[in-house]
Amino acid sequence: MSHPKILLYYAFAPISDPEAVMLWQRELCESLGLRGRIIISKHGINGTVGGEIDACKQYLKRTREYGPFSGLEVKWSEGSGFAATTPTVLKGVDRTVPWQAISDFPKLSVKVRDELVAFGIPEETLVDESGVVGGGVHLSPEKVNELVAERGDDVVFFDGRNAWEAEVGKFKGAIVPDVRTTHDFIAQIESGAFDDIKGKPIVTYCTGGIRCEILSAAMVARGFEEVYQIDGGIVRYGEAFGNDGLWEGSLAVFDGRETMDFAPGAAVIGVCADCGAPTANLVDCAEGSCRTRFVACASHEAPRCEAHQLAVA
């Protein structure tokens, strides 16, 4: 029996023909029954896909055969299961796709975008064969702990995710910018709100590391003097230390799992927006077109964000 697996990955490398790469990646994923989301740009590739473990291995092998992606590093995690399939019979022949489809993603999406992460600075971001030019210094999870041991409270953890993601998990004492989308970060760091930490050692972090590749470079370009990023992001740090490091709570993920813990007994730091109870459950606002994401207990039917709660009060 096959196992459902999810791959989280990115690679920064100059791509001369993003459209051709997009078509190749779509055909490859479809042939292997993979679902998920992939973005291609002139800067490289950013993806989260899932399927049968053997299909994921084949996908990884064939993607690495393409020169710019030869050094592609992947974070593996467990999928929730497989979607139910209905046999497809054509003229008496079973034409059912040979690979099972993972249930954590509803479909496959492969698109070309100006940026791998939508910070709104596509022309500022420079990429060469070694990756992003001018980004923060990469630190392994072990080196992160060593930096904190050496420099103590001077070290600033800077969350490179949307604010709602930090509501269920973050590094202890981290600065969490008040942003609802990645596009809001540049205005935040240019506003002067964080000028007091420009001379301190800053460790940027995000889910798998890609957002901090861009964010750390943007911060360096705007006068932050000592900027680091966690190699492999929160995922690698959590894999290394579980609940025993500087991370606390759950990790928000962008698939059907919604959140994941690195070890049993993870701290619950989220607070239900409706009743105030501790929870790591993330929901979308039940109000039609509202896209606000927030923390709410699973027991509440049709929860609404704060703005829409006030509107109906």
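Biologist: In which sense do S10 and strand S14 pair, and over how many bridges?

Modeller: Strands of a sheet pair through backbone hydrogen bonds, either parallel or antiparallel. Here S10 and S14 (residues 226-230) pair in the parallel sense over three bridges, and His138 stands opposite Gln229 in S14. Two strands count as paired if DSSP finds at least two bridges between them; strands (E, at least two residues) and helices (H or I, at least four) are DSSP runs, numbered from the N terminus. This is a predicted model, in which local features need pLDDT of at least 70 and side-chain atom pairs count only at pLDDT 80 or more, while totals for chains, interfaces and linings use all residues. Residues are numbered from 1 along each chain as its sequence is written, and side-chain values use heavy atoms, with hydrogens and water left out.

Biologist: What is the order of the four strands in the open sheet?

Modeller: The order is S10-S14-S13-S11, with parallel pairing. S10 (137-139) and S11 (156-159) each have a single partner strand, so one side of each is left without a neighbour in the sheet.

Biologist: Which residues of helix H3 are buried?

Modeller: An α-helix has 3.6 residues a turn, so residues three or four places apart point the same way. In H3 (residues 141-151), Pro141, Val144 and Leu147 are buried (under 20% relative accessible area, whereas exposed means over 50% and partly exposed in between, with a 1.4 Å probe and protein chains only). On the other side of H3, Ala149 and Glu150 are exposed. The buried residues of H3 pack against S10, S11, S13 (201-205), S14 and helix H7 (233-241), contact meaning heavy atoms within 4.5 Å.
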